[in-house]
Amino acid sequence: ATRADLPSIVSVFLRCWRLSYADLLSEEAIAFYNEESAGQLWAGLLNRVGSDETIVVAGSDFARQVAAVGRFDRGGYLASLYVDPDAQGAGLGRLLLQYAEISWSAMNVGFGRLWVFEGNHAARSFYERCGYQPSGLTRTEANYLEPEIQMIKPLVG
C-alpha cells in the first residue's frame, strides 16, 4: 500500500465498519469512525509502514481499485483484514492472509494470531477455514464494547 491508496483504503474500511458490523456493534461504536477519523487512523498507519508493520492491498479490477486491505506485523500478528462487502467471497481476503502467512514463515514466526469480534460469525468461519482456531483468550476494547476472541494458527517454516 502507498499513500496514494489512502482514499480507497478508508472507503473499504468504512464500508466494512458500517455494513459488516451494523448488526454487531452499537451505534456509538459504528459512529466512532467517520471519514476524518478513519483517514487519520490509516494515514498514521501508512506512515509507520516499513518499521515493524506491513500494509497490503488487493484490487478488484485493472484500474487498481482497492477492494481489500490487510495490516500485519513481523511477529505474526494480523492487525486488520478488511474486504469491501461487494468483493467478499472473491478470494481477496484469503490472498492477503496468505501473503502475511508466507511473510511470517519466511521470518520463522511460529504462529499467526489475530483478534475477531466474537459475534462476527462470518469472519470467524473464514478464519477457521484458513486454519485458525480460538486460543481461549478474550478481550473487550473500550471503544467498541464488543467481546473479541483471539485466534491462532501454527505456521510451517
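What is the volume of the largest pocket? It is about 940 Å³. This is a predicted model, where local features need pLDDT of at least 70, side-chain atom pairs count only at pLDDT 80 or more, and totals for chains, interfaces and linings use all residues. Residues are numbered from 1 along each chain as its sequence is written, and side-chain values use heavy atoms, with hydrogens and water left out.

**The largest pocket**

- A pocket is an open set of points on a 1 Å grid over the protein atoms alone, where a 1.4 Å probe fits, with protein on both sides within 12 Å along at least five of seven lines.
- Its volume is the space filled by probe spheres set on the points, which are joined across faces, edges and corners.
- The largest pocket has 42 lining residues, and a lining residue has an atom within 4 Å of a point.
- Closest to the pocket centre are Tyr-21, Leu-81, Tyr-82, Ala-123 and Tyr-127.
- Two or more lining residues come from each of helix H1 (6–20), helix H3 (35–48), strand E3 (77–83), helix H4 (92–106), strand E4 (111–117) and helix H5 (121–129).
- Helices (H or I, at least four residues) and strands (E, at least two) are DSSP runs, numbered from the N terminus.
- E3 gives the most to the lining, with 7 residues.
- The lining divides into 27 nonpolar, 8 polar and 7 charged residues.
- Nonpolar covers Ala, Val, Leu, Ile, Met, Phe, Trp, Tyr, Cys and Pro; charged covers Asp, Glu, Lys and Arg; the others, Gly among them, are polar.

**Salt bridges**

- The count comes to 7 salt bridges, each a side-chain nitrogen of Lys or Arg within 4 Å of a carboxyl oxygen of Asp or Glu.
- Asp-86 pairs with Arg-15, with the closest N and O atoms 2.9 Å apart.
- This pair links distant parts of the chain, 71 residues apart: Asp-86 is in the loop between E3 and H4, and Arg-15 is in helix H1.
- Lys-153 pairs with Glu-101 at 3.2 Å between the closest N and O atoms.
- Here too distant parts are linked, with Lys-153 in strand E6 (residues 147–154) and Glu-101 in helix H4, 52 residues apart.
- Glu-148 pairs with Arg-139, their closest N and O atoms being 3.0 Å apart.
- Shared partners join Arg-15, Asp-84 and Asp-86 into one network.

**Buried or exposed**

- Buried means under 20% relative accessible area, exposed over 50%, and partly exposed in between (1.4 Å probe, protein chains only).
- Asp-86 is exposed at 69%, while Arg-15 is partly exposed at 28%.
- Lys-153 is buried at 17%, and Glu-101 is buried at 11%.
- Glu-148 is buried at 7%, whereas Arg-139 is partly exposed at 26%.
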